[in-house]
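Please read them beside the coordinates.

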Amino acid sequence: MQRQNRLRKKNEFRAVFKKGEGSRRGAVFMKFIPLGDGEVPRAGIVVGKRVAKQATRRNRVKRLIGEAMRQELPKLRPVDIVLVALPGAERAGLGDIQEILRTLFRKASLYEEHERRTTNS
């Protein structure tokens with residue numbers, strides 16, 4: 001993900017966790033808050049030790065979620081999102097995570113209007 005599309009500061013994560021709406025699907029939990037027009041969608045990823053004890057495995061999960069998110073970001077309306085990997089995410093592949101994210105984003109109506117029309121036809 002590009003730098004402009006990442007949540008980086010502790011207070012940015014905290015704001016999403018405090019004010020955001022949540023949804024869970026499979027091994028990923030999502031919190032999000034809508035932003036104003038003219039803003040770009042941003043995302044942060046959290047992978048705790050409950051997912052995997054070894055840092056290399058946690059980093060792999062983070063990279064997979066980041067890649068799936070990078071592909072979906074251009075389709076999203078302005079929103080701050082925090083994705084939290086849950087136990088079981090370590091066993092998921094890129095395709096699994098992509099499908100989980102698409103389902104979460106559709107359920108929360110986070111896609112831009114033109115994207116919703118094309119997926120419904």
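1. Basis. This is a predicted model, in which local features need pLDDT of at least 70 and side-chain atom pairs count only at pLDDT 80 or more, while totals for chains, interfaces and linings use all residues. Residues are numbered from 1 along each chain as its sequence is written, and side-chain values use heavy atoms, with hydrogens and water left out.

2. Elements. The protein has four helices and four strands, where helices (H or I, at least four residues) and strands (E, at least two) are DSSP runs numbered from the N terminus. Their order from the N terminus is α-β-β-β-α-β-α-α.

3. Overall dimensions. The radius of gyration is 14 Å, which agrees with the value near 14 Å for a compact globule of 121 residues; it is taken over C-alpha atoms, and the globule rule is 2.2 Å times the number of residues to the power 0.38. Along the principal axes, the C-alpha atoms fill a box of roughly 40 × 35 × 25 Å.

4. Of the 121 residues, 44% count as buried (under 20% relative accessible area, with a 1.4 Å probe and protein chains only). Among contacts (heavy atoms within 4.5 Å) with a separation of 6 or more, 79% join residues 24 or more positions apart.

5. Val47 has Ala85 of β4 as its bridge partner. Together with helix α2 (residues 55-72), β3 and β4 make a β-α-β unit that is left-handed. A right-handed crossover would run clockwise from the first strand over the helix to the second, with the strands pointing away from the viewer.

6. Helix α2. The end C-alpha atoms of α2 are 26 Å apart, in agreement with the 26 Å that its 18 residues should span at 1.5 Å a residue; the expected span is 1.5 Å times one less than the number of residues. Its buried residues are Arg58, Val61, Leu64, Ile65, Gly66, Ala68, Met69 and Glu72. These buried residues pack against β3, β4 and α3 (94-107).

7. Ser23. Is Ser23 buried or exposed? This residue of strand β1 (residues 21-25) is buried, with a relative accessible area of 10%. Leaving aside neighbours within four places in sequence, Ser23 is in contact with Val28, Phe29, Met30, Leu104 and Lys107.

Methods:
Pairing = 2+ DSSP bridges. Buried < 20%, exposed > 50% of the residue type's maximum accessible area, 1.4 Å probe, protein only.
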